[in-house]
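Student: Could we go through this model together? I would like to begin with the overall picture and then turn to the details.

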Amino acid sequence: MWFLLALLAVALFVVFVFFMKNRQINKNLERLVADRTKELQDAIEAAQNAIEAAQNADRAKSDFLARMSHEIRTPMNAIIGMGELAQREYGAPQVLEYIASIRSAASILLSIINDILDFSKIESGTFTISSGRYELSSVLNDALAIIGVMAAEKSLRLVADISPDMPGELIGDEVRVRQVLLNLLSNAVKYTDQGTVAFIARHERVGDDALLSFTVRDTGIGIRPERMGGLFNDFVRLDQEGSRNVEGTGLGLSISRSLCQAMDGDIAVESEYGKGSSFTATIRQGVADWGHGPVSGEEPCGKTFDIPRAAFSAPGFRVMIVDDNSTNLEVAQGLLSPFGIQISTCASGHEAVDAASKGDFDMFFIDHMMPGMDGIETATAIRGLGGRYGGTPLVALTANAMTGMREMFLSRGFDEYLSKPIETAKLNELMERWIPAESRAQPPVAPPSPKRASVPVIDGIDTALGLKRVGGSTEIYLDVLDAYCEDLESSLPALDGVSEGNIEDFTISVHALKSASANVGALLLSYEAASLEAAGKRRDLRAVLDSVDGFRERAEEMAFRIRRALGGTE
């Protein structure tokens, strides 16, 4: 019995010792786990602090870049603006040359600042894409006009191939689309010393949207194969050895790709070193109007068009058209003629105000850029006549179809705005809105029957497009060609002897030729006139003088072709 009790006591003692030992082991394990957990938590916290510190540093860098870019832009804009004013006021040639150099350097610096600002916005996440209605043709014309001046300075050939079925009015970020195009086109010109820069515009329909495709091809230095992989990295130049004299940050392609991706697109590139490059930007935009804009590619003659027709006539309604360009007057008269209205025309603002004071008109169509008294001054003077003219509808006509132009004209006394070349559908909508019911009669005036058989083929003129722009009437289009030929011939003296003293009159003259050329379908001359107009507005006399002689020769040749072609149609 005692033996069993002793044995049990020993067993209990062993169990007690084992339990105490195991308890100590568990405590040691718990302490070790706690220590390791604390070390891990400390490491995680340290890592989080490091990440947060890095993010704060990135934000601070981007905020600094944005703040400094904004701060520097203010004096830079002042330098450029004051330089322009000084050029206008000071006539000494040597001083003007100094000021031009200052403005050129300031413009380059401002473009660098703009790149840094965009880069900082993208890095900091504050970059946004806006949305609004805009005309695609306006963006394309602006980009080609600006790059046309750059190309002319290097004696490069700029070729545009724009599909005739591009949508007319889009919904998206007009500023950013224009920025992408200018970046790609300016790069092509910068890195091309001889040959051609080609611009190709296409689109495909994606539901209610359009996927725009813009390709820029050049015959420049190309890109080395080993550099293709890092082409879209920040601060990268296309070719370090071949671009020593090229200004810029190397941010343009990186920013452009970010812009395209933000608009559901991208940029692709193909290149052969020493032979040239091809960049294709795709951008998705909403579509407000699938109708074709004024920029177009080749359309075959004889194509039938769906021309909107007038829904009524108004034989007692009196309209005045004011434009210093006879081609534009002919086009406007032709588009308005189906309404059977009474049309008067004036070639200047002063003439229009005088006619308005002696007559009685129900509506005015007034061109914006005219010598002597411009369209806004003319509208103000007509309103100042008082009486019924206080409420008579005034419609502004302009070839500058930029965003914000409509709002500007409405704030300056106009009731409506039409961009040139005038779209028949928009003109008809305007007439239906402003001609009162009591002035209308049925039916509308039938289109005039043609007296001449057909439209001749004229090299350099898309006659099918020109025919469309006058409402489809062969007779009216041939009359417009007559007037355009006279405008070309009468404008030739204004293209000679351009100087600082007459550059404003020169700018107005080529502006008129820009819209007149677009009206008849002479798209290349229209592009060249737009380039000269852009240079004239900047008062860049050197750019004007570099390009004007070639433009004058082509205008003179075009007038000869039209005369020869029309002489065979009688």
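**Surface, core and strands**

Tutor: The protein chain exposes about 27,900 Å², and carbon and sulfur atoms supply 55% of that area (Shrake-Rupley method, 1.4 Å probe; for residues, only the protein chains shown count as cover). This is a predicted model, in which local features need pLDDT of at least 70 and side-chain atom pairs count only at pLDDT 80 or more, while totals for chains, interfaces and linings use all residues. Residues are numbered from 1 along each chain as its sequence is written, and side-chain values use heavy atoms, with hydrogens and water left out.

Student: How many helices and strands does the protein chain have?

Tutor: There are 15 helices and 12 strands, taken as DSSP runs numbered from the N terminus (helices H or I, at least four residues; strands E, at least two). Of the 570 residues, 45% count as buried, meaning under 20% relative accessible area, with exposed over 50% and partly exposed in between (1.4 Å probe, protein chains only).

Student: Which residues touch the most other members of the largest nonpolar core?

Tutor: They are F365, M431, L481, Y484 and I562, in a core of 60 residues. Such a core is a set of buried Ala, Val, Leu, Ile, Met, Phe, Trp, Tyr and Cys residues joined through side-chain atoms within 4.5 Å.

Student: Which helix gives the most to this core?

Tutor: Helix α15 (residues 541-567) does, with 11 residues. A second, separate core has 41 residues, including V139, M166, V177 and I223.

Student: What is Y484 in contact with, leaving aside neighbours within four places in sequence?

Tutor: Its partners are T327, A516, S517, V520, A522, L525, M558 and I562, where contact means heavy atoms within 4.5 Å.

Student: Turning to β10, why is this strand largely enclosed?

Tutor: Five of the five residues of β10 (residues 363-367) are buried, so the rest of the structure largely encloses this strand. M363, F365 and D367 lie on one side, F364 and I366 on the other. In a regular strand, side chains alternate between the two faces of the sheet.

Student: Which strands pair with β10?

Tutor: Strand β8 (residues 318-322) pairs with β10 in the parallel sense over four bridges, and V319 has M363 as its bridge partner. Strand β11 (residues 394-398) also runs parallel to β10, joined by four bridges, with F365 opposite V395. Pairing requires at least two DSSP bridges between two strands.

Student: And where is there an antiparallel pair?

Tutor: Strands β4 (residues 196-206) and β5 (residues 209-218) run antiparallel, joined by 10 bridges. In their hairpin, with two residues between the strands, G207 takes a positive phi near 65°.
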